[in-house]
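Trainee: Could you take one part of this structure and go through it slowly with me? I'd like to know which side chains meet there, and where they sit.

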Amino acid sequence: MVWLRNVVKNYSADGQLVRALDGVSLEVAPGEFVAVVGRSGCGKSTLLNLAGAMDFPTSGEVLLDRTSTNSRDDSTLTKLRREKVGFVFQSFQLINTLSVVENVELPILLAGASNARAIALDRIASVELAGLEHRMPHQLSGGQMQRVAIARALVNKPKILLADEPTGNLDTTTGSIILGLLKRLTREQNTATLMATHSAEAAAIADTIVELRDGKITGVKRK
Amino acid sequence: MIASAKLFWRLMMRPLVREPVRMGLTVLAIALGVAVVLAIDLAGNAATGSFHSSLETLTGNYNLEVTATGGVPEQIVGQLSTLPLNLSISPRMEDFAIVAETRKSVVLFGLDLIGEANLVPGQSGDSSLQNSGSQEDVFKNFSADNSIWAGGSLGWKKDQKVSLIIGDRENTFTVRGVYDDQNQPAVLMDFAEAQRAFARTGKVDRILIRTPKRENAEISAKQIAALLPSGIEVRSAGTSTEENRKMLAAFRWNLKLLSYIALIVGAFLIYNTISVSVVRRRAEIGIARALGANRADILLAFTCEAAVLGLVGAAIGIPLGRIMAGGAVKLMGSTVNALYVSSRPGPIELGISSVLTAFVVGMGVAVVAAFAPAQEASQIPPIEAMARGRKEFLVRVHKTRDLLIGLFLAAASWLAAKAAPVNGKPLFGYVAALLIIVAGTLAIPAAVSSVMRISGAALRKSGVAALLASRSLVGSLRRTSVLVGALATAVAMMVSVGIMVGSFRTTVIQWMEGEVPADFYLRPAGNPSLEKHPTISPELADKLAALPGVEAVDRLRAYMANYEGIPTTVAAADFHGSHKRGRSDFFSGRTGEEVFQELRGGNSVIVSEPFTYKHNVKVGDTISLRLGTSLASFRIADVYYDYGSERGFILMDRSAIKKYLPDDAPSNLAVYAANGADLRQVHEQIERATAGYRVLIFSNADLRREAVKIFDKTFAITYALEAVAVLVAVMGVAGALLALVIDRKRELGLLRFAGATSAQIRRMILAEAALLGLFANAAGLLLGFALSLVLVFVINKQSFGWTIRFHWPVAILSAAISLIFAATVLAGFYPARVAVRLNPIEVVHEE
């Protein structure tokens, strides 16, 4: 579902060229849970951004569900993202002025689709937050907020789920629960899930662990 | 000290500099507010010619003046010179003329040119009156007919022929000399010549006196007055200047207060800016407190931040204000001349005191506006400040408490509006207006919150942009409320003044329908200044009355007078005759015929509404008037509405005034065409009959149009002030929306991750701007209506004495509000652009 072929990504930082990814090739199949591990600054987030059509590779190719993201205009990429990609972030990134159900139905509303409320409520139930639909983010715990974020990411039934350090702001127990949830939903919805983490424990639940160092893949372990 | 300065720069100022657009908008808002206040102040001084009427030039060092309504009989001059008081005496004739070639008016003095030669310096420094040649030449020039001396700034040359229209006559004069007028142009002629030219032979307009001991002037005045007839007044020279100053006071005071509105709007914006500053720096505040800064340090830091903004704003505002004063002088000058006194604008003087005042005002407003958020910043506990996840929506907005306080203030405003004026100034009216604005501002958070709650479903149906926009505004309720308050204040000012002016205009137009009934009006082509009333030759009225197609001719004769130290006009009209009269609105409700019947008795007068207000008199009271050499008493038979000028008007029958002032020459003529007469033909007949006279002929429609044109011109300065206030508010909206975008960049980046297009982001920001505009317009409309009641029924009434009938200028208000709404949405374009250009990856990811 996600293919990266010999992807190179360079950034310019203070006049200096930084190579964030250096010839990365990676494939994530539907229903597969892949963890990308590496230290801070190794290129994990860059990898996720490219996989999520938030950015272009400098060279190489990125395909999302057989659609290349190279040289697409912003509106095409946005459409692609909206239909096929869901994001989960380390710091949850909920909109504080919207309730739980309003946060979850946001992608549907942005897509202009109908029946947003019913779908959102269903998603909230799937992450075991039924009854909390009308709470505001500041009234939730960290784990609950991350569940809302996961529900939002999956509300449009995306083909690809990208999770950037999803347990980084959670305690160990809550983090395990969230990882379990991610894995379950990956299977149930046959989503290709790519998770960036620097925690070996978090990576352990994945089907495939990809080690990234200085922008290069240094190892791939499959269960 | 240096360490504090370094810290201040690094922690407070440098972050500001990094947001040049937003800071620029805030500073510019203050600059505009200061500029407007300064411009009105400077222009006020200049436009009123430093309170000198044009006729006050060339007064020399005389310390007393003798005047009488209708002119002082010239034998009084002889009487004064025989008094054993060692007085220096100077009789004067004073009026205006129109230069035929340029149609501009010029002051005209009749002097004893030989005796006053020292007052008239030549351009080389010597008296120009003595520069005309030999002694023989000098006397020949003085005695030659049609000789004048011209002020240098008129640009005329010696021996030049100049045609002047004086009253209803045009004559050609020869310039015998040019004098240094110090940029106060005037034309001088021999005293006797002036008496003839003004058709006031046997009268003196004013006698100036210099007493031997200036410090005993008051005693001398009493001694002199005791020796003169009771109708003749002796007073300090320059008294008319003082009288004009009093008359102009209300006008200037109202304008000054209007000019402060822009600054008040700017104050809202400073409050908002500092509030945003506090929110953004919560963590830094916590760190600073944890490291040893105390509450006073935090309070001082934010207050100084505001002071710097005010200082920079004032520094920009001062030169801007000086530039704006140039335009303001013209606008104010035309109002002063049209409604009060002929005055040549003086120079605009930007002195040290004006500059210092501007700085104090700019910085003062900024510091006062910033105090509340600065105080809040100083109270934040360090631990709370440093806690992650604290957002502005957690800042408590005491909606209910503020609403209750607002209601209380609204009630206080109602009470204040009922209070009487203080020294002729509607001070409590101003307090009422301010209380309304504060009350309205306090009620805004509750209103915004309620409306958003009620319209939640509708907003959801309007699309995700409207939903997100509304939630964003409610989520930042304090910020939203301040913004809405700022814009609503500007809108309220515009609405209230628009209603007041619109009501006034409609009242005047409706009044004219009843009070301007004649078919044609004639007046002398000489300047009809409110101080002087040039006359038409008496035989002209008879000529017109004899025309076929003319049913009747009414004569009005007006005199400049003063009553209880305030300039007023005494006039007389024909109240005999059976021709049509307009509908007259008298306070008693009686018909015109009933009232005029009483006037024909000769001991009664009718007075205008402004007169009753200024002098606190009513129907049935007796007033004493100086007419000619007599002091006469009259009973007030009734009061009528008069919107012709703010000066009071006393009107009596011609037969009554002729007992004291027998001059037959009218100031104005009203011509009534016969029933069925062709008005165009009648007009042509009038033109033929008046050939050889310099008179202006107005048809009824012309006169009304002219009156409305003058009316509209007098409010030009007000419209300009409103526009500045609205501009300041809209700029504030742009700045605040930009701040909101910057503060919500994480959220905006997230929306992009979630699939929002650039267009959707843009629509969201514009929707916020539109919602702000809608709220502000609605609040402004309500506040403006409340303010207009205070303006119309309290401030205007207590300042000028006019009754204005309330009227909604729907078309103008709708257009103006639509324009403001559009401007508010436009103000959202730049913040929307910034929002669209945010890089979502940068703003969302934490690496």
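Mentor: Start with Asn63(B): its side chain makes a polar contact with the side chain of Thr211(B), at 2.8 Å. (A polar contact is a pair of N or O atoms within 3.5 Å; within protein, one must be able to donate a hydrogen and the other to accept it, and residues adjacent in sequence count only if both atoms are side-chain atoms.) Bear in mind that this is a predicted model, where local features need pLDDT of at least 70 and side-chain atom pairs 80 or more, while totals for chains, interfaces and linings use all residues. Residues are numbered from 1 along each chain as written, chains are lettered from A and ligands numbered from 1 in the order written, and side-chain values use heavy atoms, leaving out hydrogens and water.

Asn63(B) sits in the loop between helix H2 (20-47) and strand E1 (64-67) of chain B.

Now hop into strand E1 itself. Glu65(B) forms a salt bridge with Arg206(B), 2.6 Å from N to O. This pair ties together distant parts of the chain: Glu65(B) is in E1, Arg206(B) is in strand E10 (residues 206-210), and they are 141 residues apart. Both partners are buried. (A salt bridge here is a side-chain nitrogen of Lys or Arg within 4 Å of a carboxyl oxygen of Asp or Glu.) Why can such pairs form? Side chains of opposite charge can pair when their charged atoms come close.

For another one, look at Glu539(B) and Arg169(B), whose closest N and O atoms are 3.5 Å apart. Glu539(B) is partly exposed, at 36% relative accessibility, and so is Arg169(B), at 33%.

Then there's Arg590(B) with Glu598(B), a salt bridge at 3.0 Å between the closest N and O atoms. Arg590(B) is partly exposed at 25%, and Glu598(B) is partly exposed at 23%.

Salt bridges can also join up into a network: one links Asp542(B), Arg555(B), Asp574(B), Arg654(B), Lys658(B) and Asp664(B). Over all chains, the count comes to 43 salt bridges.

Conventions:
Helices (H or I, at least four residues) and strands (E, at least two) are DSSP runs, numbered from the N terminus. Buried means under 20% relative accessible area, exposed over 50%, partly exposed in between (1.4 Å probe, protein chains only).
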